[in-house]
Amino acid sequence: MAGTGKSTISRTIARELAEKKRLAASFFFTRGKKDISHSRMFFTTIAAQLANSLPVLWTFISDAIDNNPDIFKQGLREQWNQLLFNPLKNAPTQSIQLVVVIDALDECDSMRDIQLILQLLEEAKDLATVQIKIFLTSRPEIPIFDGFRQLSGEAYQDFILHNISLDTVNADISTFFRQKLSPLKAKHGLGTPWPDELIIEQLVERAAGLFIYAATTLRFIQDGIDGPEEQLALILSATKSSLLATEQLDGIYTTLLPHSVLGKRGSQECEQLVERFRHVVGSIVVMFNTMSARNLAQLLQIPFKRVYGTLDSLRSVLDVPQNENQPVRLFHLSFRDFLQNSQRCSDSRFQIDEKERHTSLFRQCMSHISQLQENICSLWGPGVLITEIPKDTIQKSLPPHVQYACRYWFDHWRLGNPMAAEEDIKTIRQFLEQDFLHWLEGLSLVGEVSNGAYMIIALEEILSVSCNAY
C-alpha cells in the first residue's frame, strides 16, 4: 500500500485487529527515531509480540534464544529463521488467521534491509500450520517497488491509495473542512455563511487529495496570530489551484513559516528569531527521539521561555502539549522533509542544514557528558544491582536530556561530518581520557551498555579509516 494517510490507516487497522484478537504483532518504522528507524530490532520485536499473541510459540522461541544467545546481534536472515520461521513452522496447527501490521517500511534507513525484509516475509506463504497475513504500508519509492517485483505474484496483493477516485477523496476533505471550520464561526462570531461554498471548493482544490494539507491548513486557521478570516485569506492568496499536490503542501509551509515565526517584527529581531528557529526546530527535525520542551531547553542550554515561545508559534505544524513533560512532535514528516530540502524550502532563512544541526547537537551532548561524575546516583556501595536502584533516583541523577546525550552523542557526531573540525576530534579525545567511565556508568543505569559497545567499535572504525586516509 502506498500514498497519503498510510500511517493513519495502518494504526486504525491495527487497533481494529487488536479488538478482534487477530493482531499478532506490529512494527511502525519512523525515520530519525533511533530504535524504530532501522531494522536491528524488527524481527526480535515481532517475535516477542508473536510469543504473547500465540502462546504455543513461546517454547519454540525461548528454545531458539537458549540455543543461540547471540541471536539478537546476528543478521536479519538468522533472526527470521530462528525466531520466527522455524517456530511458526513447528508450531501446532492453529485455526485462527493472524495479522502482522508493518507501517512505513520506507522509513527504514537501509534500502538493502528493506528489500531483504520483503524477501524473508514472502516465505511466510509456505507456512502450513499457522496462517499469517502481513499488512504493510509504504510510500511508492523505487527500492520498495524493486523489492516487490522480485516476489512471486501469488505472494502479495497491492493497493495504491492514490488510485482511489479523486472525487471520493475530495468529498471526504470537503466534509472535513465543513465540520472543522463550523465551530470557528460560532466561537468568533463570524457572519453567515462562513466559509461559503466557493471557499470550501477552493480549499478542497488546493488540497489536491492530500489530507495533510487540509489538516495543516485547519491548524493554521485555528491557531494563527490573526483571526480565522485573516488566516484563511492568507492561505488562499498564497497558494494556487494549478499546483501539484506536493507543491501545494510546500506552498502552505512557505506561507506559514514567516507569518508564524516572524510576524511583523523588525529586521534585527527577525534575525534572532530565525536563528532560534534553526536551533530549536532544526534540532527536533534531526533528533533521534522525542523530548519535552523543557528537556529540549536543557539539552540545548537555552532558556525554556525562548524554546517554548518558538514552539508555541508553530502549532500548525508541531504538536506542542500543554503538559510541559509531554514530548513535542512533528505532526507530519513532510514538514521535516521540506525543511531539509533546499529546492522545496525556497526561503533560505528556514532551511535546515542537517550536518550542521547534528554537529551542534553532538557538541551539546558532549557538554552534558563532561559534567558527569563518578557514582552518579550516590549509591551506598559497590556491587549494587540496577534493579535495586529506584527509578526516580536514576531519573533525578540522569534527567532525560542527559540520558539522551549519553545515548546519541555518537550518532550526531557520525552524521555531522565527524572529521571536519579539529575541535570535535579534541572533544572526542578528551571524552575518552576523562569522561569515558562516567559515560559507561550512565549507560549502565539506563540499560544501554550494549549500545555503548557498538558506539565505541564504530568510533574506532571511523577514526582508523580517517587516519589511514592521511
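Residues are numbered from 1 along each chain as its sequence is written, and side-chain values use heavy atoms, with hydrogens and water left out. Because the model is predicted, local features need pLDDT of at least 70 and side-chain atom pairs count only at pLDDT 80 or more, while totals for chains, interfaces and linings use all residues.

Rolling a probe the size of a water molecule over the atoms shows where empty space is left. Here a cavity is a set of points, on a 1 Å grid over the protein atoms alone, where a 1.4 Å probe fits but cannot get out. Grid points are joined across faces, edges and corners, and a volume is the space filled by probe spheres set on the points. The count comes to one cavity of 30 Å³ or more. The largest cavity holds about 100 Å³ of space. It is lined by 13 residues, of which Ile46, Trp80, Val100, Leu121 and Ile132 are the closest to its centre; a lining residue has an atom within 4 Å of a point. Two or more lining residues come from each of helix 2 (42-53), helix 4 (76-90), strand 2 (97-103) and strand 3 (131-136). Helices (H or I, at least four residues) and strands (E, at least two) are DSSP runs, numbered from the N terminus. Helix 2 gives the most to the lining, with four residues. The lining has 13 nonpolar, no polar and no charged residues. In this scheme Ala, Val, Leu, Ile, Met, Phe, Trp, Tyr, Cys and Pro are nonpolar, Asp, Glu, Lys and Arg are charged, and the others, Gly among them, are polar.

Two packed helices are described by the angle between their axes and the distance between the axes. Axes are lines fitted to C-alpha atoms, for helices over the stretch in contact, and angles run from 0 to 180 degrees between N-to-C directions. The axes of helix 18 (residues 400-415) and helix 19 (residues 422-445) come within 11 Å and cross at roughly 155°. Helix 18 is therefore roughly antiparallel to helix 19; angles over 145 degrees count as roughly antiparallel, under 35 as roughly parallel, 65 to 115 as roughly perpendicular and the rest as oblique.

Helix 18 also packs against helix 13 (residues 293-300), at an angle of about 55° and with the axes 8 Å apart. This pair is therefore oblique. In contact (heavy atoms within 4.5 Å) are Asn295, Gln298 and Leu299 of helix 13 and Pro400, His401 and Tyr404 of helix 18. These residues divide into three nonpolar, three polar and no charged.

For helix 5 (residues 111-122) and helix 6 (residues 142-149), the axes come within 9 Å and cross at roughly 30°. Helix 5 and helix 6 are therefore roughly parallel. Met111, Ile114, Gln115 and Leu118 of helix 5 meet Pro143, Ile144, Asp146, Gly147 and Phe148 of helix 6. By class, this contact has six nonpolar, two polar and one charged residues.

Methods: 1 Å grid on protein atoms, 1.4 Å probe; cavity = no way out; pocket = protein on both sides within 12 Å on 5 of 7 lines; lining within 4 Å.
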